[in-house]
Structure formats: structure tokens, C-alpha cells
Amino acid sequence: MRCSFLLAILLVLTASPSWAAVAFVNGGNQGGATNSMVGDNVVSATMVVNTGTNLCAVALVAYSSVVAQPTITMTWDGVSMPAITGTDAFDVTSLRGTQAFQLPNPATGSKTLALSGSDAGGSYGAALMVYSGADQTNCSSNGTKANGVDDGAGNFSLTVTSVAGDMTTTVTTTTFDSQTTNKTLRTYRGALPLGTDDAAGAATVTHTWNDGSINRRYAIGGFSIKAAVASSPRHRAIQQ
């Protein structure tokens with residue numbers, strides 16, 4: 001009996017983490033959408049969350065005419081939306097500011113977005129944005145904010161730290177978007193004012209706005225929407 005070596009190559013499927021890119025689903029008031037509202041310190045409206053995989057709903061709030069920085073709460077379909085840390089910009093000179101809220105796995109369909117602000121004399125606005133492919137534990141990260149006066153030509157900006165596959169978003173107390181980066185304008189409400197935009201994630205993403213004026217004060221908050229981790233098969237060869 002002749003001895004021989006048997007070489008077996010076993011293809012083993014192993015789980016390897018991967019990230020699907022976050023994508024815009026619906027929201028804001030661009031393109032005929034109606035997911036925005038303005039009103040007093042207690043305001044609500046029926047809005048829509050379309051269906052998708054690994055959804056994250058974010059409520060982007062701007063306010064003005066307050067006497068001090070307010071405490072704001074948001075709910076979607078009666079469920080509390082936690083505030084996104086670091087997005088609570090406030091300009092004490094102009095008494096205007098921003099804040100953002102998140103809700104992974106939101107109820108879909110036509111539901112009620114409700115806002116309550118502690119300053120009864122203020123004017124408030126909110127836009128509901130919906131994204132797919134988002135982390136379902138905590139769908140936001142890297143909250144950041146700024147306030148001040150524009151550069152004299154109407155421009156001001158905020159840089160958000162992120163990664164490829166995520167989505168960066170800002171909310172501001174102005175309504176003119178200069179489109180100087182790869183942003184998409186999502187909300188434009190001139191009465192408040194309220195503006196929101198988003199852009200694909202990268203190591204850093206600078207969102208530049210133009211307020212259509214000179215030496216106007218602003219407040220802006222922003223954050224990154226985190227991509228969900230998925231499992232994808234990978235072949236591993238084992239030699240015996």
C-alpha cells in the first residue's frame with residue numbers, strides 16, 4: 001500500500017463585519033415633502049417615516065426669540081427622542097439656537113412629531129429626517145456646534161467628524177445654503193428661520209452655509225449618523 005498525503009482545502013464561511021452606507025429615505029420640506037413644522041413652544045404635526053432597513057429618525061430643531069437657552073423635548077408617535085449630545089448651539093446675543101434628537105427603529109407611516117420648549121415666548125421649528133442603514137443602538141456620534149457672526153460675506157460653517165459610509169447632518173438658524181460642499185439642502189423654512197442639510201461621511205466634512213446677509217449672527221449644530229454593522233461571508237482556506 002503506497003502512502004500518500006491527502007491535501008484537503010476546506011472553505012469555511014466566517015462572519016466578517018461590514019458597514020452598509022447610510023442613505024437618505026425621506027424628510028424635510030424639499031421636493032414636495034412635508035416633514036417640517038414651525039410654531040410656538042408647544043407644537044406638533046403629522047409627518048411620515050417611510051419604510052426601510054435599519055432606520056434612524058432625527059428631529060432637527062431651530063428656535064429664536066427666547067430669553068434664555070430652553071430645555072427642549074421631542075417625541076415621535078409618543079416615544080421620546082433622546083437629544084444628540086453636543087448639538088445644542090446657542091447664540092446668546094441673538095437669542096437663537098439649535099438642537100438635534102434621534103430615534104433608532106422609529107415607527108413607520110404617518111405619525112405625530114411633537115415638540116415642547118421651556119421658553120414659552122420663543123418660536124420653534126423642527127424637521128424630521130429619516131435615514132436607512134443606521135446603527136440601531138445609537139445612530140448618532142460626534143455632535144458638534146458653533147455660534148457667532150458670519151464672515152462679512154454671509155458665510156459660516158461647521159466641520160463634522162465622521163467616516164466613509166456614515167452621513168453628516170447640520171441644522172442651523174438660517175435658510176440660505178451656499179452649496180459650497182457636497183451637501184444636499186433638506187429643509188428651508190424662511191419664517192423661523194430653519195435650515196437643514198446632509199452630506200456623505202468622510203474623515204471630516206465641512207458644511208458651509210450663507211445667510212444671505214452681512215454680519216448676521218447664527219447658531220449651528222451637526223453630527224454624524226452611524227452606519228449599521230452587518231455580517232458578510234468571507235472564505236477562509238484551511239490546509240490539512
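This is a predicted model: local features need pLDDT of at least 70, side-chain atom pairs count only at pLDDT 80 or more; totals for chains, interfaces and linings use all residues.
**Entry: Asp-91 and Arg-217**

Asp-91 lies in strand E8 and Arg-217 in strand E18 (residues 217-225), so the pair ties together parts that are 126 residues apart in sequence. I then checked accessibility. Asp-91 is buried, with a relative accessible area of 0%. Arg-217 is partly exposed at 28%.

**Entry: salt bridges in the whole structure**

How many salt bridges does a search of the whole structure find? I got three.

I took Lys-145 and Asp-88 next. The closest N and O atoms of this salt bridge are 2.9 Å apart. Lys-145 sits in strand E12 (residues 140-149), while Asp-88 sits in the loop between strands E7 and E8, so the bridge ties together parts 57 residues apart in sequence. Lys-145 is partly exposed, at 42% relative accessible area. Asp-88 is also partly exposed, at 27%.

Then I looked at Asp-198 and Arg-186. Their side chains form a salt bridge of 2.9 Å, N to O. Asp-198 belongs to strand E16 (residues 194-200) and Arg-186 to strand E15 (residues 184-189), 12 residues apart. Are these two buried or exposed? Both Asp-198 and Arg-186 are buried.

**Entry: Thr-168**

I found Thr-168 in strand E14 (residues 167-172). Thr-168 has a relative accessible area of 0%, so I noted this residue as buried. Which side chain does the side chain of Thr-168 join in a polar contact? I found His-207, at 2.8 Å. I also listed what Thr-168 touches, leaving out residues up to four places away in sequence. Among them are Val-160, Asp-198, Gly-201 and Phe-223.

Methods
Residues are numbered from 1 along each chain as its sequence is written. Side-chain values use heavy atoms; hydrogens and water are left out. Helices (H or I, at least four residues) and strands (E, at least two) are DSSP runs, numbered from the N terminus. Buried means under 20% relative accessible area, exposed over 50%, partly exposed in between (1.4 Å probe, protein chains only). A polar contact is a pair of N or O atoms within 3.5 Å; within protein, one must be able to donate a hydrogen and the other to accept it, and residues adjacent in sequence count only if both atoms are side-chain atoms. Contact means heavy atoms within 4.5 Å. A salt bridge is a side-chain nitrogen of Lys or Arg within 4 Å of a carboxyl oxygen of Asp or Glu.
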